[in-house]
Amino acid sequence: MNFFINSPISALNVFEVNSPKGKLTKVYGREFNSITYRKEGIVKLNFADETLISHPGCITFTPKNTDYTTEIISDTNMIAIHFDYPCKNDDIRPFVYENNNPKICNLFDEIHEKYSADDTCNYDCYSLFYKLLSELKKQFTMRENKKIPSSVIKAKQLIESNFRDSNFNIDYLVSTLPISASYLRREFKETYGSSPIEYLKNIRLQNAISLLSTDYYSVEELAEKCGYSGVSYFIQSFKKSTGYPPREYKKLFLNV
């Protein structure tokens, strides 16, 4: 998760982007780096060796000259910053960062407000962008240096191991750990960027989408395999997250 450089920024462009949900789109490597703050919507980004999900509050970074596909799961609104610098850095990788710092969100809005395409030497805008990079670097450093409580690591492992069990829920999870529910929520979100229940729901949803793409299972089987308590609840939850019921989503986006 490192895109920081010891080089001045040589180009900067800022946009507010609204995109409707749609099918898979191929994006060919562009001659600039992109960092975005997603205010609304869910987007799936497929790179050569990994898939990333960006949802409201997420900050997404895509290096220049990187090919990928993007799938807009639900209508999206974001602030996009395209920038470049003269030095070469082949080690940087794309990432999605679960941001919960309002200061960083405000900086994206301030940069967008100050930006003008007619002013190529906008010192205020550049200054705010450097400030944004500085704040992100602080956040990344704090997260990387933070000692994660063993109980929080255990909670994440238990969610990933038991999400297929429809009887598994956060109350049960807390009962197996020597910590309170409020402590788990606070530490889990600070460490992983989402609450335990949000993490559990997202794992179930992503597993459902993955199995849906195989075209091997009925909706009833998907509900059972992904930990939903019933078919109706599965369809309701799936539609709430993606905007479509499973069968329609498969027809529109998965080409199966």
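Arg30, Phe32, Thr62, Pro63, Lys64, Thr66 and Tyr68 line the largest cavity of this structure, which is a predicted model. The volume of this cavity is about 30 Å³, and a search of the whole structure turns up one cavity of 30 Å³ or more. Sorted by class, the residues around the cavity are three nonpolar, two polar and two charged.

Arg30 and Tyr68 are among the residues nearest the centre of the second largest pocket, together with Arg38, Thr70 and Met78. This pocket holds about 330 Å³ of space and has 18 lining residues. Strands supply much of the setting here. Strand S1 (11-19), strand S3 (33-40), strand S4 (43-46), strand S6 (58-62), strand S7 (68-72) and strand S8 (76-84) each give at least two residues to the lining. S8 contributes the most, with four. By class, the lining has eight nonpolar, eight polar and two charged residues.

The largest pocket contains about 1400 Å³ of space. Its lining is made up of 48 residues, and those nearest the centre are His55, Glu198, Tyr199, Lys201 and Asn202. Both strands and helices take part: strand S5 (51-54), strand S9 (95-98), helix H5 (181-192), H6 and helix H8 (231-242) are the elements that give two or more residues to the lining. H6 gives the most, with eleven residues. The lining divides into 22 nonpolar, 16 polar and ten charged residues.

Which helix does H6 come within 10 Å of, axis to axis? The partner is helix H3 (residues 150-162), whose axis crosses that of helix H6 (residues 196-212) at roughly 30°. Because of this angle, H3 counts as roughly parallel to H6; the cut-off for that description is under 35 degrees. The crossing of the two helices is right-handed. On the H3 side the contact is made by Lys156, Ile159 and Glu160, and on the H6 side by Pro196, Tyr199, Leu200 and Ile203. The residues of the contact comprise five nonpolar, no polar and two charged.

The axes of H3 and H5 lie 10 Å apart, at an angle of about 85°. H3 and H5 are therefore roughly perpendicular to each other, a description that covers angles of 65 to 115 degrees. From H3, the residues in contact are Ser151, Val152, Ile153, Ala155, Lys156 and Ile159; from H5, they are Tyr183, Leu184, Glu187, Phe188, Thr191 and Tyr192. Eight of these residues are nonpolar, two are polar and two are charged.

Conventions: Residues numbered from 1 in each chain as written. Predicted model: local features only at pLDDT ≥ 70, side-chain atom pairs only at ≥ 80, totals over all residues. Heavy atoms only, no water. 1 Å grid on protein atoms, 1.4 Å probe; cavity = no way out; pocket = protein on both sides within 12 Å on 5 of 7 lines; lining within 4 Å. Points joined across faces, edges and corners; volume = space filled by probe spheres on them. Nonpolar A, V, L, I, M, F, W, Y, C, P; charged D, E, K, R; others polar. Axes fitted to C-alpha atoms, helices over the stretch in contact; angles between N-to-C directions. Parallel < 35°, antiparallel > 145°, perpendicular 65-115°, else oblique. Left-handed = near helix turned anticlockwise from the far one by under 90°. Contact = heavy atoms within 4.5 Å.
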